[in-house]
Amino acid sequence: MKGIILAGGTGSRLYPLTLVASKQLQPVYDKPMVYYPLTTLIEGGIREFCLISTPHDLPRFQQLLGDGSRLGVSIDYREQTKPSGIAQAFLIAESFIAQDPVTLILGDNIFYGGDAFQRAFSEFHAGASIFAYHVQNPERYGVVEFDEHGWALSIQEKPLEPKSNFAVPGLYLYDREVVAVAKALKPSGRGELEITDLNMEYLKRGQLKVFRLNRGFTWLDAGTSTSLHDASAYVQTIEQ
């Protein structure tokens, strides 16, 4: 399996910090933010990476990570000239993916605890796998609706009236059909290729598996000044 780290976007919620460096290069305690998603995938056994970012920020990532050999991995770099949704990453990385399964992780998502990801990687064979994490503010995320047996019924993007408190964090696993599925997507009302629409297509096909993350697991979305500060404090506590 190959890995994609999506580290693009404008970082508007972290302005003016992102005038100096991209969101995913901001420090989370003592390391650049991008180190955390990279580590998550390395722990899952991924060794071939594609990092996607803006033309302006890509050289900075290359300066930081190089070709990946220092870390025992290989890193390819691709430009995202205009942010048009998370699912756009599969079109940008089409030649990198080739005929292999792929996992995508968002560059501002930090995970800690448990072995849920490692199990998902090792058990993955076909279709798609995503995760569900209990949150207090589900309206900010993609939300999974479950039936009484725990099977996923639907996924809604930032619903005004969420059908559950289970949000979809920014790590996804797909088979090699993901590029074809992404190409068939239509842009949403905000002009983006939504990852929720891609996941819903796999769900309609009966090929989507949803792993619930337990309460001992920590997911931090470090995309705002407050959450960036909270993530740094959390990492500092863990390391000390």
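This is a predicted model: local features need pLDDT of at least 70, side-chain atom pairs count only at pLDDT 80 or more; totals for chains, interfaces and linings use all residues.
Which residue lies over the face of Phe-146, and at what distance from the ring centre? Arg-212 does, at 3.9 Å from the centre of that ring, and the charged end of Arg-212 also sits over the ring of Phe-166, 4.7 Å from its centre. A charge is taken to sit over a ring if NZ of Lys or CZ of Arg is within 6 Å of the ring centre and within 35 degrees of the ring normal.

Residues are numbered from 1 along each chain as its sequence is written, and side-chain values use heavy atoms, with hydrogens and water left out.

A pair of aromatic rings is described by the distance of the centres and the angle of the planes. Rings of Phe, Tyr and Trp (its six-membered ring) pair if their centres lie within 6.5 Å, and planes under 30 degrees apart count as stacked, over 60 as edge-to-face and the rest as tilted. By this rule the count comes to twelve aromatic pairs. In one of them, Phe-117 and Phe-217 have ring centres 5.2 Å apart and planes at 75 degrees, so the pair is edge-to-face. Because Phe-117 lies in helix H5 (residues 116–123) and Phe-217 in the loop between strand E13 (208–212) and strand E14 (218–221), this pair ties together parts that are 100 residues apart in sequence. Helices (H or I, at least four residues) and strands (E, at least two) are DSSP runs, numbered from the N terminus. Both Phe-117 and Phe-217 are buried, where buried means under 20% relative accessible area, exposed over 50%, and partly exposed in between (1.4 Å probe, protein chains only). The two rings also belong to one aromatic cluster, which is formed by Phe-111, Phe-117, Phe-131, Phe-211 and Phe-217.

Phe-146 and Phe-166 form an edge-to-face pair, 5.5 Å centre to centre and with 85 degrees between the planes. The pair links distant parts of the chain, with Phe-146 in strand E9 (residues 142–146) and Phe-166 in strand E11 (residues 166–167), 20 residues apart. Both Phe-146 and Phe-166 are buried.

From single pairs we turn to larger groups. A nonpolar core is a set of buried Ala, Val, Leu, Ile, Met, Phe, Trp, Tyr and Cys residues joined through side-chain atoms within 4.5 Å. The largest such core has 38 residues, of which Ile-4, Phe-90, Tyr-174 and Leu-198 touch the most other members. Helix H7 (residues 195–204) gives the largest share of this core, five residues. Apart from it lies another core, of 34 residues, which includes Ile-5, Leu-51, Phe-61 and Leu-213.

Phe-61 leads us to helix H2, in which Leu-58, Phe-61 and Leu-65 are buried. Seen down the axis of H2, its buried residues fall within an arc of 60 degrees, so they line one face of the helix; the arc is that of the directions from the helix axis to the C-beta atoms. These buried residues pack against helix H1 (35–43), E4 and strand E5 (74–79), with contact meaning heavy atoms within 4.5 Å. H2 is followed by Gly-66, whose phi is positive, near 60 degrees.

Thr-54 is buried, with a relative accessible area of 15%, and a polar contact of 2.9 Å joins its side chain to that of Asp-57. A polar contact is a pair of N or O atoms within 3.5 Å; within protein, one must be able to donate a hydrogen and the other to accept it, and residues adjacent in sequence count only if both atoms are side-chain atoms.

Some backbone details complete the tour. Most residues other than glycine have a negative phi, and most peptide bonds are trans. Tyr-29, in the loop between E2 and strand E3 (31–32), has a positive phi near 60 degrees. Ala-98 has a positive phi of about 55 degrees, and a cis peptide bond, with omega about 10 degrees, joins Tyr-15 and Pro-16.
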